[in-house]
Amino acid sequence: MKKTPNQKKGILINCVKLSKSYQFGSEQIHALKDVNLEINKGEFVAIMGKSGCGKTTLINTIAGLLQPSQGNVVIDGKSLKGMTIDQLSLMRRNTIGIVFQMFNLHPGLTVLENVELPLLFKGIERDKRRNIAQEVLATLEMADYIDNYPEELSGGEKQRVAIARALTIEPKILLADEPTGNLNSLLAKEIIKLFIEINQKKGITIILVTHDESLINKDMRLIRLKDGKIIN
Ligand SMILES: Nc1ncnc2c1ncn2[C@@H]1O[C@H](COP(=O)(O)OP(=O)(O)OP(=O)(O)O)[C@@H](O)[C@H]1O
Ligand SMILES: [Mg+2]
């Protein structure tokens, strides 16, 4: 296959003239306005900005969960524009791990079963699923909790499980939307340390959305959004 110039330069995520408007009653809300953003393989990008500036909209558009009103997202040389819903979920299943503020763990499943879930969707057989999930949980120091249910865990532990779940598919990209928003500052710092480790040891490209300036450090490229535009 002929490589696009983007792949040659090592760009993994390319947002091209991305705009997204929502219809809100009779009003149009312009959540993203002509956003251009290139993210290289292995980068750690932090996105900051006030509530309502478009952070979640940007992350969800990159994940293919939202369709842009204009523009395009290119992931690993593949254009999301024109992909069917099935093709988009396949792309996510193979390429993107997502971590949310509210953890989004399944309350009726144990820690191990929660972490296995993405592998089940990929059609991986049971023993292999179990092994991978156990291994990832062990690296996040959650091996002792595999038979617990989410409600039995602290916020920090829940977020570790959610991160483990995102990592099982060995994603190229990890998207995290306010992953520390429900944690105290000590736990938040621990989770950020974990993200930095994942980025540096596994080479996974990370986009982290946060409100909290104190979590930004030199390992990250900081991008500020204001009213749907990148301002730095
Ligand atoms: N489904 C929707 N329908 C209508 N408007 C929406 C919808 N989702 C988001 N918006 C609006 O789009 C703008 C951007 O929202 P977005 O959720 O991306 O902001 P955010 O930066 O993630 O905010 P927060 O920090 O509060 O999570 C806001 O004005 C919001 O009210
Ligand atoms: Mg948000």
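The legends below describe close-up views of a predicted model.

Residues are numbered from 1 along each chain as its sequence is written, and chains are lettered from A and ligands numbered from 1 in the order in which they are written. Because the model is predicted, local features need pLDDT of at least 70 and side-chain atom pairs count only at pLDDT 80 or more, while totals for chains, interfaces and linings use all residues.

**View 1. Confidence along the protein.** Mean pLDDT (the predictor's confidence in each residue, from 0 to 100) is 94 for the protein. Of its residues, 96% reach 70 or more. Over residues 1–8 pLDDT stays under 50. For residues 1–8 the model has 7 contacts beyond four places in sequence, a contact being two residues whose C-beta atoms, placed from the backbone, lie within 7 Å.

**View 2. The shell around ligand 1.** Surrounding ligand 1 are Y22, F24, I29, A31, G49, S51, G52, C53, G54, K55, T56 and T57 (a residue is near if its C-beta atom, placed from the backbone, lies within 6 Å of the molecule). At least two residues of the shell come from each of strand 1 (11–24), strand 2 (27–40) and helix 2 (55–62); helices (H or I, at least four residues) and strands (E, at least two) are DSSP runs, numbered from the N terminus. Helix 2 gives the most, with 3 residues. By class the shell has 5 nonpolar, 6 polar and 1 charged residues, where Ala, Val, Leu, Ile, Met, Phe, Trp, Tyr, Cys and Pro count as nonpolar, Asp, Glu, Lys and Arg as charged, and the others, Gly among them, as polar.

**View 3. Helix 4 against helix 5.** The axes of helix 4 (residues 111–121) and helix 5 (residues 126–139) come within 9 Å and cross at roughly 120 degrees (axes are lines fitted to C-alpha atoms, for helices over the stretch in contact, and angles run from 0 to 180 degrees between N-to-C directions). Helix 4 is therefore oblique to helix 5; angles under 35 degrees count as roughly parallel, over 145 as roughly antiparallel, 65 to 115 as roughly perpendicular and the rest as oblique. On the helix 4 side, V111, L112, V115, E116, L119 and L120 meet R129, R130, I132, A133, Q134, V136 and L137 of helix 5. This contact comprises 9 nonpolar, 1 polar and 3 charged residues.

**View 4. Helix 4 against helix 6.** Helix 4 packs on helix 6 (residues 155–167) at an angle of about 30 degrees, with the axes 7 Å apart. Helix 4 is therefore roughly parallel to helix 6. V111, N114, V115, L117 and P118 of helix 4 make the contact with V161, A164 and R165 of helix 6. The residues divide into 6 nonpolar, 1 polar and 1 charged.

**View 5. Helix 6 against helix 7.** Between helix 6 and helix 7 (residues 185–202) the angle is about 20 degrees and the axes are 10 Å apart, so the two helices are roughly parallel to each other. G155, G156, Q159 and I163 of helix 6 meet L187, E190, I191 and L194 of helix 7. In this contact 4 residues are nonpolar, 3 polar and 1 charged.
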